[in-house]
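Morning, everyone. Let me put the model up, and then we'll walk through it.

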Amino acid sequence: MSSSPGSRRSGAGAPILSLQGLVKRFGTVTAVDHLSLELQEGEFLTLLGPSGCGKTTALRVVAGFERPDAGTLTFQGEDVTEWNPQRRGFGMVFQNYALFPHLDVAENVAFGLKSRRRPREEIGERVEAALERVSLPGLGSRAVQALSGGQQQRVALARALAIEPPLLLLDEPFSNLDAALRERTRTELRLLVKELGITALFVTHDQEEAFDLSDRIAVMDGGKLRQVGTPEELYRNPTHRFVAGFVGRINALEGVLEEERGGVVRVRLDAGPRWTLAPGPEPGPCELLVRPEDLTFVEAGTAESLPGRIRDRRFLGAYTLYFVDTETTGILEVVSRESGPVEGEAVGIAPAPGAGLHVFPAVGAS
Amino acid sequence: MSAPREAPGKRTLWMALPILALLVWLVLYPNLFVLGESFLEDGVFTLEAYRHFFTSPSELEALWGSVWISLGSVLLSGMVGIPMAFLFTRFDFPGRNVFAALAALPVLLPPLVGVIAFLFLFGESGILTRTVQLVLGLESPPWRMIGGPAILLVHAYSMYVYFYLFVSAGLARMDESAAEAAWSLGAGRWRTLFRVTLPMLAPSIVAAALLVFMTSMASFSAPYIFGGGFRVLTTQIYSSKVNGELSMAMVETVVLASVSLAFLALLRRYERGREYAAVGKGVGQIRRPLQSRWSRILVPLAAVGGVTFLLLPHATLLLVSFVPEGAWTVQILPTRYSLDNYRSLAADPRIWRPVMNSLQMAGISTLGVLIVAFLSAYLVVRRRFRGRGLLALLVILPWALPGTVVAIALSTTFSVNAPWFGRFVLVGTFWILPLAYFIRNLPLVAEAAKASFRQFDPSLEEAAHSLGAGWGETMRRIAFPLVLPGLAAGGMLAFVTALGEFVSSILLYTHTSRPISIEILSQLRAFDFGAAAALGVVLVVLMALVFAVGGRYLRAGRVARG
């Protein structure tokens, strides 16, 4: 993930945008529940979560389309909570693009510049430059309906960028594109945003999209912020049960956390075996989450070994994904780089050396 | 995401309050006033007038007459309109497009004009009547164009269009694969028609039926001209008013309004209930060429015959408009033709004055309607505020109120000068008719504007805001241009409707500002049929012109929107 240009900083210097305890209710539903978040200048941050988690509402609060019921929004050190959208001047790309159907491509892109009463020649130049930037040069006189979905998406982006916004807001802008186009477009988007040095707040439910684009990701669930971090942090060290389950493939096992003499912490799985952990969590019933690549096949019969039988396997190029049927804990996913056991074979499963074992209090336990 | 739109409280309120106040004053208040008056006798509460209404044979006869004429109109219009919709949507034959367009012709006859065209055709001394009399060698006319059957004939002619248009639209929307599925499951052609196709069309058919029922409850011209001794509520209200029996007129108005409002409620409930649009992608309608040899001859023949019949009133009107005064007495066809009637349109102020009056009053009322309809449509569709439901109701309410009811309400309320009670003397002045036209046409234009607002996504306005446009600029550069085609079409329709308006005019007009329809009536009373017809032709031509221009403009608008 570190091959992209630009920096992935977190928490250096004064934030350009800061959300403090934002609350937004619709009737009895709390769509955004005390959301606090900071964006650094030039950062690409994504709000990630399942549909209905409040991410779009949060973005609309930042844009100024929704007034929060509580909390403040600070931009470049100024409280902008009460500002209306046009005063904020954030560029926004809408999910359905929201291109003006009665205006042609150039008029769409020029819209914000005309609102700012820019001289005619300047508007013309900047429109052409904006269209060139999104690889649509010379298409200014086209009707927006005559464009393909991908082109419309670029016009929407060009229109938002033409006003040179200090902050760019993107609401699932790729959801109406087909898979291949989506992948190419998001690479272009990240390169463009980084090249222009724009701070961007992006909303998506697509984890892969978030990982591809973002410097940092904020995972939301049920209106609440669950964790903020770089993609790698979220993947390697999820601090919340929801994040662990939502980001990447993972196995969930149940057990009891026990502290033994000498400070050694072990999980006694309900299925029998005991796995050793790094010290930290409180003893008691727990849920253990392990990524498929953190499990490995071991000899059956040891104290560590969880018995199972290979149910199916999928060759995925760099590695093979095994589906192991353990009678006690259902189907577990295990990744192996070597060609290992075959279908129907009995195996033992244990944590790989140095594996990340993520322990959370069992559901229902205090 | 269709989250509720943010209401920047103050501006919404400042905009909504004046419009709400205006509509409460002009729409709600006069009707409540009539309701109140119907219970008062010399300032004392009494049910006497109602007791009188529900015990008087002639009043009950009028109520019953209105109801059965309306039921009959629904039945007859449906029997004509539904088969025609099937014919033109399902089958292909030479000239289909032309006939399909001509089938909507009755729309191009303002109420009173259509009725007098029928008079010239089927009346006692009408062209068709005398032809039949001569051919059969009869002593007296073969029929008399009078009473219930005459009203039903006119209604069926002018109202089948609702069934034709609604069912055609329903058929066009319908997923043909549902019928194909029925065939594949072994259902025959008739079983498919009655068990699948017609039930799927039920929403269109029911909506058309309710509309025809309401229109015919409100119908005044046909019963007024052809009624003879036949009583319906609208004509009963008119004669009570003219005879000075005001309390009876109030009660009759309340009864008529109640029936109409009940049907509005029914219609709304029904529309909310069901909509069978195609669920999946489906298969569109496929037009079949006619199969058998007989149908290939008979169907186009029937189509030509039908369209000729539809065109007869228009042709008759045009023909009679060339007849100078006194040149058509006992002959089948008039003996002399000249341009006299059209010349006097330009020369005789008695004739052209009403045309100018109508143009002026229609223009003023339409301008008012456009402004109020645009703003209230914006408020109802885009804003959330207290009183939004009330606003939506007040805007649609006049649509359900017969013109007679509107006129009685206005003439009752605005006949006294009591500024503290919101009452001013408008009766007997120029302003009463533009006001009546304004109220009657508001729903039409507001619905068109609402539909246009609903068609474009609110995110367009948000996009404009995010690009730095304020509220006013967004309205000017985004909302208004996008709503304009719908608004313009509605406005043009309102204009021509006001131009030919008759039902409220007859209760409210003053001699100096009399509209075209009233002049047609007085020429008719003076037996100057030619002059009446010439005025009718002027109305029809203006209407056709507006539809032609409007249609083109609308199509252009649709193309721009993809």
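I'll take the two chains in turn, then how they meet.

First, the ground rules. This is a predicted model, where local features need pLDDT of at least 70, side-chain atom pairs count only at pLDDT 80 or more, and totals for chains, interfaces and linings use all residues. Residues are numbered from 1 along each chain as its sequence is written, and chains are lettered from A and ligands numbered from 1 in the order in which they are written.

Start with chain A. Its secondary structure comes to nine helices and 20 strands. Helices here are DSSP runs of H or I with at least four residues, strands are runs of E with at least two, and both are numbered from the N terminus. The C-alpha trace of chain A spans about 80 × 45 × 40 Å along its principal axes. Of the 366 residues in chain A, 40% are buried. Buried means that 20 or more other C-beta atoms lie within 10 Å of the residue's own; 12 or fewer is exposed, in between is partly exposed, and C-beta atoms are placed from the backbone.

How many residues of helix H1 of chain A are buried? Nine of its nine, across residues 55-63. Among them are A:Leu59, A:Arg60 and A:Val61. Just after H1(A) comes A:Gly64, with a positive phi of about 100 degrees.

Now the sheet. In chain A, six strands form an open sheet, in the order S6-S7-S8-S3-S9-S10, with mixed pairing. Two strands pair if DSSP finds at least two bridges between them. Which strands sit at the edges? Strand S6 (91-93) and strand S10 (224-229) of chain A, each pairing on one side only. Neighbouring strands of this sheet are turned by 15 degrees against each other on average, direction ignored.

Zoom in on one pair. S7 (167-171) and S8 (199-204) of chain A pair in the parallel sense over five bridges. A:Leu168 has A:Ala200 in S8(A) as its bridge partner. Helix H5 (149-162) of chain A lies across S6 and S7 of chain A, at about 170 degrees to S6(A). Axes are lines fitted to C-alpha atoms, for helices over the stretch in contact, and angles run from 0 to 180 degrees between N-to-C directions.

On to chain B. Chain B has 23 helices and four strands. Its radius of gyration is 25 Å, close to the 24 Å that the globule rule gives for 562 residues, so chain B is as compact as a globular protein of that length. That radius is taken over C-alpha atoms, and the rule is 2.2 Å times the number of residues to the power 0.38. Buried residues make up 43% of chain B.

One helix pair here. H5 (111-122) and H6 (127-136) of chain B pack at an angle of about 15 degrees, their axes 3 Å apart. That makes H5(B) roughly parallel to H6(B). Under 35 degrees counts as roughly parallel, over 145 as roughly antiparallel, 65 to 115 as roughly perpendicular, and the rest as oblique. Residues making this contact include B:Phe120 of H5(B) and B:Ile127 of H6(B).

Last, the two chains together. The contact takes 23 residues from chain B and 27 residues from chain A. In contact means C-beta atoms, placed from the backbone, within 7 Å. On the chain B side, the largest share, seven residues, comes from H19(B).

That's the tour.

Terms used:
Contact = placed C-beta atoms within 7 Å.
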